[in-house]
Every structure is written in C-alpha cells, then in structure tokens.
Amino acid sequence: MKRIVLLLVLLIASVALFAGEPVKGIGVGVSTGLPFHAGAMGEYNFGPAYASVELAYASGPYFLFRVGGGYNFPEPFVNDAWGMDLRLSVGGRFSGYIGSFGGSVVASGAFSIPVTWSWYADGIPLKVFVQAGPDLYFGGGAMQLDFSGTAGVMYVFSLEPKQGDIGD
C-alpha cells in the first residue's frame, strides 16, 4: 500500500506544475475518507454535470454503496501560489450502508450535499479530487447530522474523438 501511495505522489508531483482541462468521459478510480471507507468508484463526466457510483468497505464493518451527481462550475479557481487550477463541483449523493452488528443485519443510509475540488493533470487523463460536506444519516429509528470527507484519484477515459481520428 505504501508503494502505491508513493507512486501516486511521485506521479502527481511530476505534473503538479501544469494543470489540464477536465476530461469528458468515464473515470475509474479509488477513494478513501472519513468516516473510514476505502473502495472503487466510477464517474461519468459529461461537461456541465457528472454522475458517480462508489462501492466500498466502511468501518463498522459495513458495505457502502453510493450514487450521486452534481454540477461542474465552468471556470477554474486559479491559485497562483500553488501553480494549479482547481475545479469546483456541487451536488447531491445517497449513501447506503449494510452490515452485521450483534448477529443481526443492519441497514442505514445518508443524504449528502458534497462540495468537490478537482485537479486534472496536464498530458495524462488523471483526476485528483477532495470532497466534503454534511450528511444526514437515517436508519435504526434515529436521524443524525454529521460531516464526511473523501479523497481519491481516477483515470478518465475520454469519449471525445482525438484530432487525429477525425477524417478530412
């Protein structure tokens, strides 16, 4: 695991000075966050909006299933001190948790309003993101308001034709 993290840090550091444009297409990657979860995710970015799905192991132990979507703001937030462009997205998400507690099956869910900051690498279709927002948990006869955060990286397969693929 340490080798994978080190490889990702070196890859991102090698292109950190150059930010690319968002890639429209299908992204596949990994994510982790608090409350603790680690899993795989997929995203379809079609320009002004995106839809995502995530399957993960969550502390408890629970199986976590998330579906969501959101709006991508068209202009980047340029930070001259960091030398990178960050892209902002705001959306909604449903999370479902299913697991075993005390010998019985337990299910709960949460509605969230995540705010996502994304950075796209220049030259390679790589997206690095951080997501945070409030969660309204329900299930088990009680409702609870909490805060969650997720970080991840994904490779994006572009659905737009390349300039060399277009005929004369």
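Guide: What follows is a set of questions and answers about Asp135 and its strand. The model is predicted, with local features needing pLDDT of at least 70 and side-chain atom pairs counting only at pLDDT 80 or more, while totals for chains, interfaces and linings use all residues. Residues are numbered from 1 along each chain as its sequence is written, and side-chain values use heavy atoms, leaving out hydrogens and water.

Visitor: In which strand is Asp135 found?
Guide: Strands (E, at least two residues) are DSSP runs, numbered from the N terminus. The run of residues 126-139 includes Asp135, and this is strand 9.

Visitor: Is Asp135 buried or exposed?
Guide: Buried means under 20% relative accessible area, exposed over 50%, and partly exposed in between, with a 1.4 Å probe and protein chains only. Asp135 has a relative accessible area of 2%, so Asp135 is buried.

Visitor: With which side chain does the side chain of Asp135 make a polar contact?
Guide: A polar contact is a pair of N or O atoms within 3.5 Å; within protein, one must be able to donate a hydrogen and the other to accept it, and residues adjacent in sequence count only if both atoms are side-chain atoms. At 3.2 Å, the partner of the Asp135 side chain is the side chain of Tyr137.

Visitor: How many bridges join strand 9 to strand 10?
Guide: Two strands pair if DSSP finds at least two bridges between them. Strand 10 covers residues 142-158 and runs antiparallel to strand 9, with Pro134 standing opposite Phe147. The number of bridges joining strand 9 to strand 10 is 14.

Definitions and conventions:
Helix = DSSP H or I, 4+ residues; strand = E, 2+ residues; numbered from the N terminus.
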